[in-house]
Amino acid sequence: MATFLYKLGRLAFRRRHFVALIWVALLTLAGVGAASAPTAASSSFSIPGTEAQKAFDLLEERVPEASADGASAKVVFKAPAGEKVTDPGNKADIEKTVAALKSGSDEVARADSPFRTKTVSKDGSTAYASVSYKVTSMELTDESRDALEKTTDQARESGLTVEVGGDALQAMPETGATEVIGIAVAAVVLVITFGSLIAAGLPLLTALIGVGIGVSSITALASALDLGTTTSTLAMMIGLAVGIDYALFIVSRYRGELADGRDREEAAGRAVGTAGSAVVFAGLTVVIALVGLAVVNIPMLTKMGFAAAGTVVIAVLIALTLIPALLGYAGKKVKPTGEKSKVLGGGRKAKAAAAEGAAPKDNLGTRWARFVTRRPLTVLLIGVIGLGAAALPVSSLELGLPDDGAQPTSTTQRKAYDLVSDGFGPGFNGPLMTVADLKGSDDPKAAAGEIRTTVSKLDDVLSVAPPVINKAGDTAIISVVPSSKPSGIETENLVHSIRDAGADIKSDTGASVMVTGTTAMNIDVSEKLNDALLPYLALVVGLAFLLLIVVFRSILVPLKAALGFLLSVLAALGAVVAVFQWGWLGSLFGVEQTGPIMSMMPIFMVGVVFGLAMDYEVFLVTRMREAYVHGERPGQAIVTGFRHGARVVSAAAVIMMAVFAGFIGSSEQMVKMIGFGLAIAVFFDAFIVRMALVPAVLALLGKKAWWLPGWLDRALPNVDVEGEGLRTDAEKATAQAADADREPARV
């Protein structure tokens with residue numbers, strides 16, 4: 001592999017005009033496609049195999065006019081202080097608004113007046129009208145949304161407080177200025193790392209090009225492939241992080257090759273052949289983790305994983321081709337390692353120091369590695385105990401999907417949610433739709449009545465509406481309002497209680513009972529994700545474990561990498577629970593409403609963080625293995641690996657944290673939680689696991705760390721990540737002489 005990538009790097013360096021033209025053409029093509037594509041809304045939910053989905057499918061077949069999976073809006077009215085919504089003037093304004101809602105769009109299936117459906121609060125201060133659409137929120141046109149907003153704006157002119165909940169008005173997530181701050185932090189770190197504005201700008205430029213192509217492609221295909229609004233946000237988040245990191249590793253190795261006296265084309269080829277090999281394997285682990293999300297069998301999550309994986313592939317290809325091409329354009333403006341640009345204090349002083357033959361000082365990574373190898377057991381215990389303490393909140397983890405109650409308080413959805421909770425009770429924000437299949441019943445009406453009676457006796461039930469039976473008389477819809485909020489554990493228990501009661505009802509009446517609706521769908525999603533977590537973990541970790549055995553030619557090193565990852569991801573989940581569920585430091589991160597952790601968070605963090613964690617493992621430990629294979633003692637190999645890799649890996653981790661942390665400023669709770677979770681996970685994994693626990697464990701294991709059974713060694717392919725095949729005969733002879741003369745260092 002190293003030889004192929006070496007040739008690719010040299011080709012890209014020589015044919016820089018052609019390579020740059022190809023990437024510019026791809027960026028332009030993707031941009032034009034995104035600009036001309038129809039705007040996509042929130043992705044529709046489809047969860048095969050769940051009871052909620054079966055009920056939706058049944059309603060679509062037998063009661064299509066109900067539009068069970070159609071978009072919905074809950075228009076909430078609150079009378080001015082001292083008045084009631086039932087006062088003649090207010091009542092007339094509300095009836096006029098409902099009529100306007102009904103005639104405002106051809107996509108409206110029905111708009112029910114609160115006075116007909118009796119959705120008026122007991123004190124008469126609040127009422128809400130339910131609007132159902134014939135199409136899903138994904139398919140709802142901008143004209144329909146505009147008509148809804150225009151009608152409610154006109155209703156406010158009468159003096160009523162009017163807010164809109166439901167999924168008909170899905171706000172696009174806003175990331176705010178913090179995303180820009182994250183990129184700015186990345187730029188500063190790159191300048192400090194390279195000591196050159198040009199060298200620092202290359203990773204940022206190529207990462208932005210890669211993200212531009214990836215996100216534009218997703219936008220162009222969003223409507224056709226039913227991709228949600230969060231898909232492009234996730235792709236941008238991961239694409240920026242890995243794009244900067246991969247380019248950082250290539251440029252850093254290029255500067256090191258220049259420092260060894262190689263000409264620029266040769267240095268570019270060597271950088272792509274060595275660091276590029278690590279980039280390919282690191283990218284492959286991320287792709288495996290993201291594509292593996294398909295095992296959950298939730299279409300939305302699968303699409304998010306594939307879209308993000310596609311962006312990672314683009315980042316890898318750009319690092320292998322566009323980076324050497326741009327290095328060719330930069331020429332002598334990219335300095336060798338140890339030299340800074342004149343702007344940042346380099347130039348003559350650096351050359352004078354080199355001419356005097358001054359021995360380079362030990363960097364911080366070298367000093368830290370020596371400290372760890374002297375006290376490995378102490379470092380290991382402190383690290384494990386610290387991460388274990390951070391992971392403790394996971395024991396009280398509650399999973400769910402965010403509802404309008406998790407929206408920012410400035411949004412109309414959140415205001416509507418609060419008005420309904422205050423006027424009626426929190427359960428009215430998430431009524432359960434109980435669907436009865438009456439085909440097997442001898443007396444459908446009596447069966448529907450018995451279902452209503454049975455459900456009304458269950459705990460946490462506030463009210464049960466009379467059954468609505470379709471024209472064929474074979475299906476009934478019964479609306480159940482819980483006493484608790486939609487995301488509460490009590491509501492989840494009620495859903496299970498209704499389903500459990502369905503077995504007795506079927507034996508008595510022959511009618512089948514199913515629970516659906518947004519709330520029940522969210523509960524089913526959470527359970528499906530929980531059930532898929534262990535198989536997913538086994539698949540992803542198993543495949544990556546095999547991949548790392550090939551890379552490191554060791555059994556214990558990949559095993560240690562996997563165990564360290566599990567520790568860091570548990571600690572990160574613990575931090576997420578503490579902030580978003582318990583509310584610790586919630587105001588600092590803009591958490592306005594605590595509640596259950598997003599149900600896809602554990603499996604999502606496992607996928608993304610595992611791939612990113614293996615990046616650091618590959619880049620840091622391959623340097624150690626290279627030193628060990630070339631004759632250094634295990635302890636000295638650890639120090640050598642840190643001398644060459646610690647600075648770059650630390651910079652990569654800080655950049656990745658900055659990019660992820662930039663999304664904490666998003667107005668969308670889901671994006672905010674993902675940004676925080678990934679940022680803290682990178683911190684734990686890079687600076688505690690990879691920088692402390694990894695060298696401590698390797699120091700304790702000594703030579704055993706690099707043990708591999710002979711039969712397995714012969715069976716595994718030689719991928720040559722270290723670039724051994726690139727060494728000339730003269731270099732090999734020099735290295736052998738140096739190995740023979742080297743006195744083993746004591747560590």
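**Reading the helices, strands and sheet**

Tutor: Let us begin with a helix: α22 (residues 669–701) bends by about 40° at V689, the bend being the angle between axes fitted to the seven residues ending there and the seven starting there. Helices (H or I, at least four residues) and strands (E, at least two) are DSSP runs, numbered from the N terminus. The model is predicted: local features need pLDDT of at least 70 and side-chain atom pairs count only at pLDDT 80 or more, while totals for chains, interfaces and linings use all residues. Residues are numbered from 1 along each chain as its sequence is written, and side-chain values use heavy atoms, with hydrogens and water left out.

Student: How many residues of α22 are buried, and what follows just after the helix?

Tutor: Buried means under 20% relative accessible area, exposed over 50%, and partly exposed in between (1.4 Å probe, protein chains only). In α22, 26 of the 33 residues are buried, and the helix is thus mostly covered. Just after α22, G702 takes a positive phi of about 65°. For the chain, 56% of the 747 residues count as buried, and the secondary structure comes to 24 helices and 11 strands.

Student: At what angle do α17 and α18 pack?

Tutor: Two packed helices are described by the angle between their axes and the distance between the axes. Axes are lines fitted to C-alpha atoms, for helices over the stretch in contact, and angles run from 0 to 180 degrees between N-to-C directions. Here α17 (residues 489–509) and α18 (residues 518–552) pack at about 90°, with axes 10 Å apart. That makes α17 roughly perpendicular to α18 (angles under 35 degrees count as roughly parallel, over 145 as roughly antiparallel, 65 to 115 as roughly perpendicular and the rest as oblique).

Student: Which residues of α17 and α18 meet?

Tutor: Contact means heavy atoms within 4.5 Å. T491, E492, V495, H496 and R499 in α17 meet T519, A520, I523, D524 and E527 in α18. The residues of this contact divide into 3 nonpolar, 3 polar and 4 charged (Ala, Val, Leu, Ile, Met, Phe, Trp, Tyr, Cys and Pro count as nonpolar, Asp, Glu, Lys and Arg as charged, and the others, Gly among them, as polar).

Student: In what order do the strands of the open sheet stand?

Tutor: Two strands pair if DSSP finds at least two bridges between them. The 4 strands of the open sheet are antiparallel, in the order β2-β3-β1-β4. β2 (108–112) and β4 (161–166) stand at the edges with a single partner strand each, so one side of each is left without a neighbour in the sheet. Within this sheet, β1 (residues 72–78) and β3 (residues 126–133) pair over 7 bridges, with V76 opposite Y128 in β3. Helix α4 (residues 88–103) lies across β1, β2 and β3, running at about 170° to β2.
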